[in-house]
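Look over the sequence and the fold, then read on.

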Amino acid sequence: MKKAIIIGATSGLGREVASRLVAEGWTVGITGRRKEALESFRSEQPSGKVYISVMDVTREDSVDALDTLIGQIGSPDLFFYVSGVGYQNPELDLDKEIRTVRTNCEGMVRMVDHFMNYIRKHRLDYAQKAHIAVITSVAGAVPLGIAPAYSATKRMQSSYLSALAQLSRMEDIPVCFTDIRPGFVATDILNAKKRYPLIMTKEKAADQIMKALKRRRRAYTFDWHFRFVTFICKFIPRCIWERVTWIRN
């Protein structure tokens with residue numbers, strides 16, 4: 001029986017992927033700040049298949065909540081970090097920028113590092129590596145002036161995973177990584193009052209995520225439109241990109 005822990009599953013992609021995993025027979029531990037949302041999801045699923053833990057990844061005690069969840073379900077095969085915030089913030093509202101950095105960077109580092117150290121100490125079965133996956137974004141490869149902190153934190157997440165992948169080989173830690181880079185997905189993180197190009201439903205996005213997780217892809221951008229965009233952007237000089245001022249979404 002496979003087991004997964006999803007950090008940030010009260011709504012959106014985390015909740016959708018949790019539902020898919022349960023349907024495939026997985027035991028799933030889910031976390032989030034809203035207890036009622038977690039309990040609502042658990043009540044919709046078969047008994048004994050979902051465990052919940054209320055946590056705020058920006059708090060130091062979130063690692064204790066994670067340890068409790070691991071104690072309930074056992075060592076997970078998949079550790080999936082989905083928690084994230086982002087804003088279009090041309091006004092550079094400092095609270096929004098700092099909140100984005102704390103959740104996307106501090107929170108991810110706290111959770112992923114704690115799980116890495118857990119695997120380092122407790123994982124005895126080297127035949128099957130534990131799987132760490134993180135939702136980053138194409139914005140990490142294509143930084144947007146309209147969302148400075150969001151773009152920067154997503155690039156940091158991708159770079160951090162790359163460094164951890166190297167570290168896991170250096171230290172012989174039995175873990176592999178997947179960097180999942182969606183484009184625009186219709187979740188609460190987007191401003192419902194704005195229009196976005198090539199927007200994808202969360203159901204279709206979850207299809208792509210499940211594909212990446214099952215294949216243990218090291219990095220996966222979806223869909224092909226955004227793979228093309230990120231490929232082209234590699235060849236645009238920085239001095240030119242920084243003069244592009246018409247991108248507003």
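## Helices α3 and α4

Helix α3 (residues 62–73) and helix α4 (residues 94–122) pack at an angle of about 45°, and their axes lie 10 Å apart. The two helices are therefore oblique to each other. Angles under 35 degrees count as roughly parallel, over 145 as roughly antiparallel, 65 to 115 as roughly perpendicular, and the rest as oblique. Axes are lines fitted to C-alpha atoms, over the stretch in contact for helices, and angles run from 0 to 180 degrees between N-to-C directions. The crossing of α3 past α4 is right-handed, meaning that the near helix is turned clockwise from the far one by less than a right angle.

On the α3 side, the contact uses S62, V63, L66, D67 and I70. They meet R110, M111, H114, F115 and Y118 in α4. Contact means heavy atoms within 4.5 Å. By class, the residues of this contact are six nonpolar, two polar and two charged.

## Basis of the model

This is a predicted model: local features need pLDDT of at least 70, side-chain atom pairs count only at pLDDT 80 or more, and totals for chains, interfaces and linings use all residues. Residues are numbered from 1 along each chain as its sequence is written, and side-chain values use heavy atoms, with hydrogens and water left out.

## Helices α4 and α5

Helix α4 also packs with helix α5 (residues 148–170): their axes come within 8 Å and cross at roughly 15°. That makes α4 roughly parallel to α5. This crossing, too, is right-handed.

From α4, the contact residues include E97, V101, C105, M108 and V112. Their partners in α5 include P148, Y150, K154, M156 and Y160. The contact has twelve nonpolar, four polar and three charged residues.

Which residues of helix α7 (residues 224–233) are buried? They are F226, T230 and C233. They cover an arc of only 60° around the axis, which puts them on the same side of α7. Residues three or four places apart in an α-helix point the same way, because there are 3.6 residues a turn. The face turned away from the buried side carries exposed W224 and F228. Buried means under 20% relative accessible area, exposed over 50%, and partly exposed in between (1.4 Å probe, protein chains only).

## T27 in strand β2

T27 sits in strand β2 (residues 27–32). At 7% relative accessibility, T27 counts as buried. Leaving aside neighbours within four places in sequence, T27 is in contact with M1, K2, K3, A4, G48, K49, Y51 and I73.

How values were computed: Helix = DSSP H or I, 4+ residues; strand = E, 2+ residues; numbered from the N terminus. Arc of directions from axis to C-beta. Nonpolar A, V, L, I, M, F, W, Y, C, P; charged D, E, K, R; others polar.
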